[in-house]
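Here's a quick tour for anyone meeting this structure. Take a look at the model below, then read on.

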Amino acid sequence: MRTIDDRIVHELNTTVPTASFAGKIDASQTCKQLYESLMAAHASRDRVIKNCIAQTSTVVKNLREEREKNLDDLTLLKQLRKEQTKLKWMQSELNVEEVVNDRSWKVFNERCRIHFKPPKNE
């Protein structure tokens with residue numbers, strides 16, 4: 001799901017012209033399309049990660065409730081810890097997303113600021 005972010009520098013280098021080639025390609029349209037793709041990809045990943053966090057949180061909550069009823073069940077304890085670890089991993093993934101998104105927007109803005117101005121509401 002991070003392909004667009006992983007390849008943004010290459011994408012910009014191959015589609016946004018330098019000053020000497022500016023007349024041959026419509027850089028504003030290219031930057032607009034890239035902007036829309038980035039927005040869609042970031043929103044999609046954010047939605048997926050948050051959905052996974054919500055589902056795993058529900059599982060952890062249910063396992064905690066079961067664990068309180070049956071403190072001697074070691075299998076239940078192991079399962080609870082496994083789900084808690086998964087939840088922490090997913091929450092840290094949100095931080096990774098923030099770093100990846102920031103990097104992509106920085107590169108995008110460096111190359112497209114002359115050709116395209118994103119809408120103010122986003």
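## How α2 meets α4

Let's start with a crossing: α2 passes α4 in a right-handed way (the near helix is turned clockwise from the far one by less than a right angle). Helices here are DSSP runs of H or I with at least four residues, numbered from the N terminus. On the α2 side, Ile 8, Val 9, Leu 12 and Asn 13 meet Arg 103, Ser 104, Val 107, Phe 108, Arg 111 and Cys 112 of α4, contact meaning heavy atoms within 4.5 Å. Those residues split into six nonpolar, two polar and two charged (nonpolar is Ala, Val, Leu, Ile, Met, Phe, Trp, Tyr, Cys and Pro; charged is Asp, Glu, Lys and Arg; the others, Gly among them, are polar).

## A word on the model

This is a predicted model, where local features need pLDDT of at least 70 and side-chain atom pairs count only at pLDDT 80 or more, while totals for chains, interfaces and linings use all residues. Residues are numbered from 1 along each chain as its sequence is written, and side-chain values use heavy atoms, with hydrogens and water left out.

## How α2 meets α3

What about α3? α2 passes α3 in a right-handed crossing too. Here Ile 8, Glu 11, Leu 12 and Thr 15 of α2 touch Thr 30, Leu 34 and Leu 38 of α3. That contact has four nonpolar residues, two polar and one charged.

Notes: Helices (H or I, at least four residues) and strands (E, at least two) are DSSP runs, numbered from the N terminus.
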